[in-house]
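Please look through the sequence and the model shown here, and keep both at hand while reading.

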Amino acid sequence: MFKPEDVISTYSRAEALEDGVIVDVSAQAREAGFKAPLALTKGAWDTCVAVPPELQGKEGQDEASRLHEILFIANVVARLEGHSDQLFFGVRVMVAVGLFELRRLSLHCGPGDDGEPVMTILLEGED
């Protein structure tokens, strides 16, 4: 469709992983039932997985638990509504002791660098 001289620039998934623009969670995703490689955008990681310093060690807040919840919900949504390349869901994230906020996320499935299926979880509004 395009000739090499038509391409202005490219940015591969591998480069995004190396740069930290997306965070690979494929191992944890496999444990949650996903078969394709999965990553979270840095924004989704920072907003939903990273534990604020004031919550470290409180109320069972740790990155592994937060990530597990996101992957569990994403997997349920994918199984129930998996007929689309982009699915939307929400997670409640503790932002202070006893205070939760809803974060809206999307699960996007598309081609990887070599055309293989890959998935990415993004914050609402990211692309």
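Predicted model: local features only at pLDDT ≥ 70, side-chain atom pairs only at ≥ 80, totals over all residues.

Residues are numbered from 1 along each chain as its sequence is written, and side-chain values use heavy atoms, with hydrogens and water left out.

The protein chain contains 4 helices and 5 strands, where helices (H or I, at least four residues) and strands (E, at least two) are DSSP runs numbered from the N terminus. Along the sequence these elements follow the pattern α-β-α-β-α-α-β-β-β, and the C-alpha atoms fill a box of roughly 55 × 30 × 25 Å, taken along the principal axes. Of the 127 residues in the protein chain, 35% are buried; here buried means under 20% relative accessible area, exposed means over 50%, and partly exposed lies in between, with a 1.4 Å probe and protein chains only. Contact means heavy atoms within 4.5 Å, and among contacts between residues at least 6 apart in sequence, 41% join residues at least 24 apart.

The buried residues of α4 are Arg66, Leu67, Ile70, Leu71, Ala74, Asn75 and Val77. They cover an arc of only 165° around the axis, which puts them on the same side of α4, the arc being that of the directions from the helix axis to the C-beta atoms. An α-helix has 3.6 residues a turn, so residues three or four places apart point the same way. On the other side of α4, Ala64, His68, Phe72, Arg79 and Leu80 are exposed. The cover over the buried residues of α4 includes α2 (26-31), β2 (38-41), α3, β3 (86-96), β4 (99-111) and β5 (117-123). At the start of α4, a side-chain oxygen of Asp62 comes within 3.1 Å of the backbone nitrogen of Ala64.

Neighbours within four places in sequence aside, Gln61 is in contact with Val51, Leu55, Arg66 and Met94. Met94 lies in strand β3 and is buried, at 5% relative accessibility. With its own neighbours within four places left aside, Met94 is in contact with Leu55, Glu59, Gln61, Arg66, Leu99 and Phe100.

In helix α3, the residues Gly43, Ala44, Trp45, Cys48 and Val49 are buried, and the buried residues of α3 pack against β1 (22-24), β2, α4, β3, β4 and β5. Lys42 forms a salt bridge with Asp46, their closest N and O atoms being 2.9 Å apart, where a salt bridge is a side-chain nitrogen of Lys or Arg within 4 Å of a carboxyl oxygen of Asp or Glu. Being 4 residues apart in helix α3, Lys42 and Asp46 are separated by about one helical turn; Lys42 is partly exposed at 40% relative accessibility, and Asp46 is partly exposed at 39%.

The count of salt bridges comes to 2, and one of them joins Arg103 and Glu101, with the closest N and O atoms 2.7 Å apart. Arg103 counts as buried at 19% relative accessibility, whereas Glu101 is partly exposed at 36%.

Thr41, in strand β2, is buried with a relative accessible area of 8%. A polar contact of 2.5 Å joins the side chains of Thr41 and Glu126, and beyond four places in sequence the contacts of Thr41 include Ile22, Thr120 and Leu122.

Methods:
Polar contact = N/O pair within 3.5 Å; in protein donor to acceptor, adjacent residues only side chain to side chain.
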